[in-house]
Amino acid sequence: MRQVEVNCCPVVMDAVTESGIKCFHNTHILCKDTNGNCIPIDACILKAIVYDLNIISVQQVNGCMNIKGTYRVRVLYEFDNQTQVGTADEQFDFDINVPLAKTDCIVAKCDCCEEECATATKIHVIFATVEMDTTGSCQGQCTGSPVVRIRVIVEKEFMAFKHCKAVVCLPLCPPEFCTPGEGPPAGECPDYLETTECPSWCQDNPNTPDNECTSCPPPQVTGTP
């Protein structure tokens, strides 16, 4: 295959200069319901969601983008022999770092400030369970024995990037390779053909004004359409 030399057309535009994406799993513990009561020992989880994501700060630290923020986790469960429904809801902080990599098409940065940005591409609960509090996570919040807790694992994926005015290289190929050529002459391309599933059929004739397929019974043919 012939190698085609690609030329570069420099263009000044707002462009992403560095970017990265990373996935995280974080474990959170909920000890009480929304009324301040401890989680019932016979609680059975119905639904668990993440909501109210709030990115508080985005700042580059060395080769990573540090992202700080909060979100809330809400768990709906049934208890008391499945006759009652309870809700646990709590806000959690997160502090993560997304590694950055430079964008290949940047030729040079303009004399301006780069803006640091981040967005969540995924955030949802992947696991939730009611379990005995064997590690004392709910100590000081719930008393008595036994004490149970809700353990939730949240999966979140963040994309971080920096952008500013930059000289971007737009690849250009030589005109002889970029200009569309003429197609092959009529008759040299293969016909589009699908196998018919009909054992016989009525074939209309576009060269005659009468449509034989309107007759009763319509004439039947077999072979190639």
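1. The link of cysteine 31 and cysteine 138 is left-handed, with -85° about the S-S bond. The two residues are joined by a disulfide with an S to S distance of 2.0 Å; a disulfide here is a pair of cysteine sulfur atoms within 2.5 Å. The pair links distant parts of the chain, 107 residues apart. Cysteine 31 sits in the loop between strand S1 (7-30) and strand S2 (44-61), and cysteine 138 in the loop between strand S7 (115-132) and strand S8 (148-172). Strands (E, at least two residues) are DSSP runs, numbered from the N terminus.

2. On the basis of the model: this is a predicted model, in which local features need pLDDT of at least 70 and side-chain atom pairs count only at pLDDT 80 or more, while totals for chains, interfaces and linings use all residues. Residues are numbered from 1 along each chain as its sequence is written, and side-chain values use heavy atoms, with hydrogens and water left out.

3. Are cysteine 31 and cysteine 138 buried or exposed? Cysteine 31 is buried, with a relative accessible area of 2%, and cysteine 138 counts as buried at 1% relative accessibility. Buried means under 20% relative accessible area, exposed over 50%, and partly exposed in between (1.4 Å probe, protein chains only).

4. The structure holds 2 disulfides. Cysteine 38 and cysteine 142 are also joined by a disulfide, with an S to S distance of 2.2 Å. The torsion about the S-S bond of cysteine 38 and cysteine 142 is about -120°, so this disulfide is left-handed. Cysteine 38 lies in the loop between S1 and S2 and cysteine 142 in the loop between S7 and S8, so the pair ties together parts that are 104 residues apart in sequence. Cysteine 38 is partly exposed, at a relative accessible area of 33%, whereas cysteine 142 is buried at 8%.

5. Cysteine 64 counts as partly exposed, at 21% relative accessibility. Cysteine 117 counts as buried, at 15%.

6. How many aromatic pairs are there? The count comes to 3 aromatic pairs, where rings of Phe, Tyr and Trp (its six-membered ring) pair if their centres lie within 6.5 Å, and planes under 30 degrees apart count as stacked, over 60 as edge-to-face and the rest as tilted. Tyrosine 71 and phenylalanine 94 form a stacked pair, 5.6 Å centre to centre with 20° between the planes. Tyrosine 71 lies in strand S3 (residues 64-79) and phenylalanine 94 in strand S4, so this pair ties together parts that are 23 residues apart in sequence. Tyrosine 71 is buried, with a relative accessible area of 0%; phenylalanine 94 is buried as well, at 6%.

7. The rings of tyrosine 77 and phenylalanine 79 have their centres 5.9 Å apart and their planes at 50°, so the pair is tilted. Tyrosine 77 and phenylalanine 79 are both buried. Ring pairs also link Tyr71, Phe94 and Phe158 into a cluster.

8. On the surface, Leu46, Leu76 and Val85 form a nonpolar patch with about 250 Å² of accessible area together. Like charges are joined within 9 Å, and nonpolar side chains (Val, Leu, Ile, Met, Phe, Trp, Tyr) within 5 Å. Accessible areas come from the Shrake-Rupley method with a 1.4 Å probe; for residues, only the protein chains shown count as cover. Valine 85 is found in strand S4 (residues 84-99) and counts as exposed at 55% relative accessibility.

Conventions
Patches are made of residues with over 30% relative accessible area and no salt bridge: like charges are joined within 9 Å, nonpolar side chains (Val, Leu, Ile, Met, Phe, Trp, Tyr) within 5 Å. A salt bridge is a side-chain nitrogen of Lys or Arg within 4 Å of a carboxyl oxygen of Asp or Glu. Helices (H or I, at least four residues) and strands (E, at least two) are DSSP runs, numbered from the N terminus.
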